[in-house]
Amino acid sequence: MITFKDVSLVYPNGTQGLKDINVTINKGEFVVIVGLSGAGKSTFIRSINRMVTPTSGQLLVEDEDILKLEGKSLRKLRTKVGMIFQNYNLVNRSSVIKNTISGRLGHTGTLRSIFNLYSKEDKMKAYDNLKRVNMEEKVYSRADELSGGQQQRVSIARVLTQDPSIILADEPVASLDPPTSHQVMSYLRRVNKEDNITTIVNLHFIDMAMEYADRIIGMRDGEIVFDGPVSEVSDKTFEQIYNRPIRDEDLRGSEENETSEQE
Amino acid sequence: MKLPNKNKTSENESKIYSVYPKKVKFQISIIFAIVLFWYFYSLRATDADFLELFGDLDVVFGKLIEMFPPDWSYIESAIDPLIETIQIAVVASTFAILICIPMSLLSANTIVKNKFIYQTFRNIMNLLRTMPDILLATIFVSLFGVGIFPGILALTVFSLGLLAKLLSETIETIDTRQLEAIRSTGGNIIQVIWYGVVPQVLPSFISYGLYVFELNVRASLVLGFVGAGGIGSIIDTQLNFMQYQKVMAVLVLLLVAVIIIETLSNMLRRRVV
């Protein structure tokens with residue numbers, strides 16, 4: 001369970017990233033955060049693993065206020081909270097398996113990790129997770145030899161190898177084409193259901209949010225302007241969140257409809 | 001390029017036939033004139049006369065002819081100093097490579113977020129680089145006496161400045177998103193460096209290391225002239241005795257050695273980059 005209590009964040013340059021956020025996300029939920037760019041989606045998601053640090057309020061992850069964590073306890077939090085990025089952020093020159101097993105870093109001693117002395121279970125885990133995202137044939141390929149969709153799948157495997165209880169995905173499909181986007185979202189959705197991992201995804205595509213989310217949180221100017229289950233959401237809701245009529249670019253398009261807009 | 005203003009097309013039309021604005025053209029001409037003037041002034045002030053050089057050509061050729069034929073028998077006694085030179089270069093490069101790793105990490109803003117530490121190490125690095133190798137060698141020779149130790153020390157300091165600068169600048173241009181990903185898995189700073197930084201900079205690092213080694217081989221030669229050991233010392237001695245044929249033999253030997261070393265290191269470099 002993740003609980004935001006009056007969480008605000010002001011960046012050093014004075015920009016208000018989050019304004020008095022109060023929200024609770026339950027174990028196993030698949031939450032999609034929607035909003036225009038600059039609405040605070042990224043800041044929201046990055047607060048949960050403390051890639052950014054809110055300036056006031058309380059943020060509870062599994063009943064622990066994470067805003068005060070430092071050093072070792074902060075790293076321990078990050079092992080529980082996996083993150084997927086828009087640009088995959090794989091280490092380009094390293095192999096797929098090395099990228100995947102780096103998910104174990106938080107659980108592995110410094111010296112052991114430098115000399116690649118991972119336990120057999122860890123190596124099995126990395127391999128099994130690559131298999132789950134259908135990447136087992138590319139184990140020894142270099143990350144930069146893969147296509148965007150493949151790289152994002154490896155990054156899902158990396159996160160799974162962490163054994164997280166929460167997965168954060170920051171615009172995971174913004175750099176992908178529509179069919180690949182759906183593939184990646186399906187993997188995230190499946191992992192969420194099969195492993196009961198709380199998943200929070202930032203998206204700006206309305207149709208994808210509707211298709212995959214249990215619950216949608218809408219953000220504008222650092223505030224939550226909508227929060228509810230997908231069943232309560234209509235086009236009107238999005239117009240409210242975006243504060244303007246819906247446009248073509250707000251839609252990713254379906255798997256068949258490949259001709260639609262690409263970024 | 002200045003584009004014609006839409007409202008005043010006729011007036012500005014002539015300007016678009018020049019790639020540079022008039023003002024820039026004028027400034028460039030002025031700068032060019034100043035540079036040219038400076039050259040001629042320097043030539044006069046230092047009494048460097050090219051005509052005189054051509055007039056003295058016979059002396060130059062005379063000296064050159066004196067160097068031939070090279071005294072090949074001398075090569076045998078030049079081998080040991082040559083090996084010493086290479087040893088100096090190897091040891092100095094190794095020290096520099098080892099010390100430059102922490103140094104360049106501490107002076108890269110992608111790793112060190114603390115401005116004070118970052119600036120301190122930047123400044124140390126810049127200070128190291130301002131000192132020419134020959135000056136360093138002279139200082140160390142006067143401190144520790146003639147021998148290879150001051151040579152090693154001088155080259156270590158000299159190449160450390162260069163190497164740390166090159167490496168830290170490479171570390172500053174890496175993709176920090178990859179580091180972010182490692183940090184987000186709960187990795188500590190050493191793991192972030194090992195898994196995120198090292199793969200990104202390793203090819204450049206190896207290439208810089210080889211480059212510095214080549215540089216050190218050549219530099220250690222010059223350092224011999226100020227008493228820092230190696231093949232430079234015997235060249236210096238033979239020059240003083242005006243044994244030009246022996247000097248020529250040593251130079252040929254050196255040329256071969258440098259070519260071999262550079263070929264080897266180029267081969268190595270091509271394999272890693």
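Two residues are taken to be in contact if their C-beta atoms, placed from the backbone, lie within 7 Å. On that basis, and leaving aside neighbours within four places in sequence, Met51(A) is in contact with Arg46(A), Glu180(B) and Ser184(B). The structure is a predicted model, in which local features need pLDDT of at least 70 and side-chain atom pairs count only at pLDDT 80 or more, while totals for chains, interfaces and linings use all residues. Residues are numbered from 1 along each chain as its sequence is written, and chains are lettered from A and ligands numbered from 1 in the order in which they are written.

Met51(A) lies in the loop between helix H1 (41–48) and strand E4 of chain A; helices (H or I, at least four residues) and strands (E, at least two) are DSSP runs, numbered from the N terminus. With 18 other C-beta atoms within 10 Å, Met51(A) is partly exposed, a class that falls between buried (20 or more such atoms within 10 Å) and exposed (12 or fewer). The C-alpha atom of Met51(A) is separated by 27 Å from that of Arg142(A), 91 residues apart along the chain.

Turning to the contact between the chains, 22 residues come from chain A and 17 residues from chain B. On the side of chain A that touches chain B, the elements giving two or more residues are H2 and helix H4 (110–114) of chain A. H2(A) gives the most to this side, with four residues. By class, this side of chain A has six nonpolar, 12 polar and four charged residues, where Ala, Val, Leu, Ile, Met, Phe, Trp, Tyr, Cys and Pro count as nonpolar, Asp, Glu, Lys and Arg as charged, and the others, Gly among them, as polar.

Helix H2 (residues 71–80) of chain A has Arg75(A), Leu77(A), Arg78(A) and Thr79(A) as its buried residues. These buried residues pack against strands E4 (56–61) and E6 (81–84) of chain A, together with helix H9 (176–184) of chain B.

Within chain B, the domain assignment, which is automatic or from a database, gives domain 1 (9–64) and domain 2 (72–272). The C-alpha centres of domain 1 and domain 2 of chain B lie 36 Å apart. The contact of helix H6(B) with helix H8(B) involves Met125(B), Leu128(B) and Arg129(B) of H6(B), and Val157(B), Leu160(B), Gly161(B), Leu162(B), Ala164(B) and Lys165(B) of H8(B). The residues of this contact divide into six nonpolar, one polar and two charged.
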